[in-house]
Amino acid sequence: MMKRIYVIGIGTGNQEHLTVQAINAMKTADLIFIPTKGADKEDLADLRREICERYLEGDAASKTVEFAVPARNTADPAYGRSVDQWHAALADIYVCLLDKVPEDKSGAFLVWGDPSLYDSTLRILERVSGRCSFEVTVIPGITSIQALAASHRIPINLVGKPVEITTGRRLSENGVQAPSTIVMLDGNQTFSRIDDPHMEIFWGAYLGTKDEIVLSGRLVDVADEIENVRAAARKKNGWIMDIYLLRKGSDFQE
Ligand SMILES: C[S@@+](CC[C@H](N)C(=O)[O-])C[C@H]1O[C@@H](n2cnc3c(N)ncnc32)[C@H](O)[C@@H]1O
């Protein structure tokens with residue numbers, strides 16, 4: 001038998017986002033890898049530690065292995081190249097982590113939200129698959145998109161209409177392309193530069209956590225408020241994760 005690597009979606013900040021399948025996989029894994037991203041994002045590492053303490057029933061200390069995530073070179077103007085180099089550095093770290101898992105035993109990566117959405121754990125495991133042998137099992141988790149929809153009590157799509165999921169960077173380059181657009185990874189509040197009196201926004205930060213904030217309304221009416229609330233929250237907490245839905249039109253309107 002080969003080593004097994006679980007890639008476990010842990011939801012977006014609420015310990016109760018974990019599924020029974022995720023908890024069982026954590027209990028089964030012999031080692032659990034916890035990424036740390038420096039003092040600013042210590043809250044996120046703490047959340048993973050708390051999840052381990054809550055669900056591993058006394059085994060957390062003996063099973064968890066922390067590793068520091070290197071920073072991407074954001075000074076590089078070629079975004080793709082900087083991500084590729086960052087993944088190469090992470091791949092070297094993954095090889096060391098996988099070496100710690102004895103043959104026939106298992107390790108687990110705890111992934112924020114779900115591993116399928118703007119997360120590179122699976123991509124990096126694919127990248128190292130020629131350097132070590134292991135099998136991967138993916139356990140799905142609650143994404144920030146689901147957390148946003150739940151907190152606003154809305155469906156994401158309009159009836160029979162498509163949804164685009166994009167980043168702040170792409171939104172700024174391409175503008176709004178779909179009736180419903182989910183925007184993630186936007187450190188530049190790109191929504192504030194969209195000039196459309198009919199656009200609605202459903203915004204959420206720290207979704208699932210005790211600090212959750214949600215705001216919604218016509219973009220022209222609430223954009224300034226969101227910018228101010230966001231800036232104040234970021235200053236207070238030292239970090240922020242936010243996501244929003246831009247929506248134009250209504251159900252049954254062609
Ligand atoms: C690297 S992506 C990870 C997405 C994650 N895999 C998921 O399933 O949601 C990080 C982005 O997800 C969004 N995000 C993740 N967690 C969030 C949260 N608790 N509240 C608001 N947005 C969140 C933000 O747009 C953030 O910039």
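Asp242 is buried, with a relative accessible area of 11%; by buried I mean under 20% relative accessible area, exposed being over 50% and partly exposed in between, with a 1.4 Å probe and protein chains only. Good morning, colleagues. What we have before us is a predicted model, in which local features need pLDDT of at least 70 and side-chain atom pairs count only at pLDDT 80 or more, while totals for chains, interfaces and linings use all residues. Residues are numbered from 1 along each chain as its sequence is written, and side-chain values use heavy atoms, with hydrogens and water left out.

Let me stay with Asp242. This residue lies in strand β10, residues 242–247. Helices (H or I, at least four residues) and strands (E, at least two) are DSSP runs, numbered from the N terminus. Which side chains make polar contacts with that of Asp242? One is Trp203, at 2.9 Å, and another is Arg230, at 2.7 Å. A polar contact here is a pair of N or O atoms within 3.5 Å; within protein, one must be able to donate a hydrogen and the other to accept it, and residues adjacent in sequence count only if both atoms are side-chain atoms. Setting aside neighbours within four places in sequence, Asp242 is in contact with Leu185, Asp186, Trp203, Gly204, Ala205 and Arg230, where contact means heavy atoms within 4.5 Å.

Asp242 also brings us to the ligand. Of the 16 residues around the ligand, those that come nearest are Trp112, Asp114, Leu117, Ser144 and Asp242; a residue counts as near a molecule or strand if one of its heavy atoms lies within 4 Å of it. Backbone atoms take part as well. A backbone N or O atom of Leu117 lies 2.8 Å from a nitrogen atom of the ligand, and for Leu207 the corresponding distance is 2.9 Å. A polar backbone atom of Met241 is 3.5 Å from a nitrogen atom of the ligand.

I turn now to the sheet that holds β10. This is an open sheet of 5 strands with mixed pairing, in the order β6-β7-β10-β8-β9. Strands β6 (163–167) and β9 (213–218) stand at the edges with a single partner strand each, so one side of each is left without a neighbour in the sheet. From one strand to the next, the twist averages 15 degrees. Two strands pair if DSSP finds at least two bridges between them. Strands of a sheet pair through backbone hydrogen bonds, either parallel or antiparallel. Strand β8, residues 200–205, is joined to β9 by 6 bridges, and the two run antiparallel. Within that pairing, Ala205 has Ile213 in β9 as its bridge partner.

Two helices lie across these strands. Helix α8, residues 219–237, lies across β8, β9 and β10, and runs at about 160 degrees to β9. For these angles, axes are lines fitted to C-alpha atoms, for helices over the stretch in contact, and angles run from 0 to 180 degrees between N-to-C directions.

Met184 is in strand β7 and is buried, with a relative accessible area of 9%. Its contacts beyond four places in sequence include Leu117, Ser144 and Ile243. Met199 sits in the loop between β7 and β8 and is also buried, at a relative accessible area of 2%. Not counting residues up to four places away in sequence, Met199 touches residues including Gly217, Arg218, Leu246 and Arg247. Met199 and Val220 are 21 residues apart in sequence, yet 7.8 Å apart in space, C-alpha to C-alpha.

Strand β1 (3–9) is mostly covered, with 6 of its 7 residues buried. Which strands are joined to β1 by 6 bridges? They are β5, running parallel to β1, and β4, likewise parallel to β1. Ile5 stands opposite Val136 in β5 and opposite Gly107 in β4.

In helix α1, residues 20–28, the buried residues are Ala22, Ile23, Ala25 and Met26. Seen down the axis of α1, these fall within an arc of 160 degrees, so they line one face of the helix; the arc is that of the directions from the helix axis to the C-beta atoms. Those buried residues pack against elements including β1, β2 (31–36) and α2 (42–55).
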